[in-house]
Amino acid sequence: MDSIKNKKISSIFYTEIAEILHQEFNNENREGFLITLTKVCMNPDMTFIKGYISIYPFIKENIFKKIRSKSGFYRKLLSKKLRYRVKKVPKLDFRLENSFSKKHFIE
């Protein structure tokens, strides 16, 4: 069960992670793909965050691997941005959102 504090902190992390991903891939977006942070789930003791992302128009495995490998770097950026708002920045893990399946993109 999510507490009110957990929901508020999750929304703060959602906006900051989305901004970091936007800044990271805005300059490299010459290939025509779009990365969207769809949801952030935090465990009750606030030590771990799962960020669900979707990559449009199709899943690029190298982009997803790059995001997952840089999760420690993103955590460091979050700690710099949120140093006065939260005491400890949780560990980050990124997962692919399953709302889109490959059948939507077959023409």
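1. Of the protein's 107 residues, 34% count as buried, a term that denotes under 20% relative accessible area, with exposed meaning over 50% and partly exposed lying in between (1.4 Å probe, protein chains only). The protein exposes about 7,600 Å², and carbon and sulfur atoms supply 53% of that area; accessible areas come from the Shrake-Rupley method with a 1.4 Å probe, and for residues only the protein chains shown count as cover.

2. This is a predicted model, in which local features need pLDDT of at least 70, side-chain atom pairs count only at pLDDT 80 or more, and totals for chains, interfaces and linings use all residues. Residues are numbered from 1 along each chain as its sequence is written, and side-chain values use heavy atoms, with hydrogens and water left out.

3. The secondary structure consists of three helices and three strands, and the order from the N terminus is α-β-β-α-α-β. Helices (H or I, at least four residues) and strands (E, at least two) are DSSP runs, numbered from the N terminus. Among contacts in the protein with a separation of 6 or more, 65% are accounted for by residues 24 or more positions apart; contact means heavy atoms within 4.5 Å.

4. Helix H1 (residues 4-26) packs with helix H2 (residues 61-69) at an angle of about 130 degrees, and their axes are 13 Å apart. Axes are lines fitted to C-alpha atoms, for helices over the stretch in contact, and angles run from 0 to 180 degrees between N-to-C directions. H1 is therefore oblique to H2, given that angles under 35 degrees count as roughly parallel, over 145 as roughly antiparallel, 65 to 115 as roughly perpendicular and the rest as oblique.

5. In this pairing, Leu21, Glu24 and Phe25 of H1 meet Ile63, Lys66 and Ile67 of H2. By class, the contact has four nonpolar, no polar and two charged residues. Ala, Val, Leu, Ile, Met, Phe, Trp, Tyr, Cys and Pro count as nonpolar, Asp, Glu, Lys and Arg as charged, and the others, Gly among them, as polar.

6. Arg75 belongs to helix H3 (residues 71-81) and is partly exposed, with a relative accessible area of 28%. Not counting residues up to four places away in sequence, Arg75 touches Lys88, Val89, Pro90, Lys91 and Leu92. Val89 is 14 residues from Arg75 along the chain, and their C-alpha atoms are separated by 6.8 Å.

7. Met46 lies in the loop between strand S1 (34-42) and strand S2 (48-56). Its phi is near 60 degrees, a positive value in a residue other than glycine. Met46 is partly exposed, at a relative accessible area of 21%.
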